Amino acid sequence: MNLAITGPTSGIGAETFKALTKDFDKLLILARNLDKAKDLIQSLDSNIRTKAVFVPLDLADMNSIVKSIALIEKEVEHLDVLINNAGGIFQNKEITKDGFELTFSANHLGHFLLTHHLIPLLLKSKSPKVINVSSEAHRAAKPNFNDVQYENGNYSSFNAYANAKLFNILFTKSLVDRYSSKGLSSFALHPGVVKSNFGMETSGVFKFLWKLATPFMVTPKEGAKTSIYLAKNKIDKSYNGYYFKNSKPNTPSTTARSKKMQERLWQESERLLNKWL
Ligand SMILES: NC(=O)c1ccc[n+]([C@@H]2O[C@H](COP(=O)([O-])OP(=O)(O)OC[C@H]3O[C@@H](n4cnc5c(N)ncnc54)[C@H](OP(=O)(O)O)[C@@H]3O)[C@@H](O)[C@H]2O)c1
């Protein structure tokens with residue numbers, strides 16, 4: 001059994017990764033920061049360390065994602081679980097070198113491209129899973145598919161984040177529509193409100209409110225529980241494509257269940273990523 005996870009260098013991803021090390025033969029650490037990846041590997045017991053492989057990948061750099069595929073293909077013949085965990089909220093609108101708005105790129109587009117290229121390896125597994133870490137913030141989403149990159153000057157960090165987390169759920173459902181007949185399962189989840197590095201790149205009202213909420217937040221270990229549950233357990237087929245919270249199926253927003261939205265997101269993602277697909 002082989003695992004690949006994005007964002008295992010901090011917070012929820014780090015705890016998810018550590019809890020799963022014993023269940024997999026190969027552990028692919030998909031991360032952008034070499035020093036953090038080295039520290040993570042060093043923290044593992046020596047018998048586990050030999051299973052871990054660092055794969056450089058920046059979700060804000062599409063070429064790095066394409067490059068990572070060749071490395072992954074060298075390491076594993078099939079992939080059993082892909083956890084698209086990395087993400088973040090960013091105070092100011094930033095444009096990546098590929099010309100994408102950073103929140104959209106790091107939370108959705110990068111994972112779309114990564115998953116697209118890993119589908120052949122996933123479909124070689126007996127029961128492949130793609131787990132997408134979303135958020136309850138998706139309920140506040142107000143997506144505008146005519147302006148997914150906030151080019152009309154209406155960027156707000158929270159709205160961009162809420163939209164991206166909605167996209168994680170729509171993407172999950174699209175994966176199931178397209179690949180469940182070939183054996184693929186996909187799930188989205190809310191990890192809880194977790195005290196991690198999340199929100200550290202914000203300022204102003206969001207950061208103030210986030211700090212106020214700190215005493216009520218759960219630990220990253222607690223926040224990792226639903227990801228771990230979905231990665232480790234055989235989930236009943238009837239829940240394929242579902243959104244989970246506290247390791248239980250939960251009903252996401254009406255928008256998150258819209259087929260039309262699903263399709264628009266898929267088409268728009270393919271259009272924007274055309275040159276890397
Ligand atoms: N914390 C919460 O309350 C909460 C609630 C709901 C959902 N979530 C979701 O949970 C997931 C994990 O968040 P967290 O709370 O654990 O936050 P975190 O501690 O900030 O960890 C985020 C992880 O994502 C990685 N990452 C960010 N941008 C990246 C990029 N461009 N390329 C590659 N990796 C990148 C970070 O890498 P570095 O270590 O290199 O920075 C880090 O490993 C996110 O998807 C977040 O949206 C969090």
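This is a predicted model: local features need pLDDT of at least 70, side-chain atom pairs count only at pLDDT 80 or more; totals for chains, interfaces and linings use all residues.
Residues are numbered from 1 along each chain as its sequence is written, and side-chain values use heavy atoms, with hydrogens and water left out.

β1 and β4 pair in the parallel sense over three bridges, where pairing requires that DSSP finds at least two bridges between two strands. Five of the five residues of β1 are buried, that is, under 20% relative accessible area, with exposed meaning over 50% and partly exposed in between (1.4 Å probe, protein chains only). Asn2, Ala4 and Thr6 point one way from β1, while Leu3 and Ile5 point the other way. In a regular strand the side chains alternate between the two faces of the sheet. In β4, too, both faces are covered, with Val81 and Ile83 buried on one side and Leu82 and Asn84 on the other.

These strands belong to an open sheet of eight, in the order β3-β2-β1-β4-β5-β6-β7-β8, with mixed pairing. Because β3 (52-56) and β8 (248-250) stand at the edges with a single partner strand each, one side of each is left without a neighbour in the sheet. Neighbouring strands are turned by 25° against each other on average, direction ignored, the axes being lines fitted to C-alpha atoms, for helices over the stretch in contact, and angles running from 0 to 180 degrees between N-to-C directions. Helix α9 packs on the sheet, touching β4, β5, β6 and β7 (243-245), and its direction makes about 170° with that of β5; contact here means heavy atoms within 4.5 Å.

β1, α1 and β2 make a right-handed β-α-β unit, as do β4, helix α5 (residues 102-122) and β5; a crossover is right-handed if, with the strands pointing away from the viewer, the path from the first strand over the helix to the second runs clockwise. In helix α1 (residues 11-20), seven of the 10 residues are buried, among them Ile12, Phe17 and Leu20, and their cover includes β1 (2-6), β2 (26-31) and α2 (34-42).

Conventions:
Helices (H or I, at least four residues) and strands (E, at least two) are DSSP runs, numbered from the N terminus.
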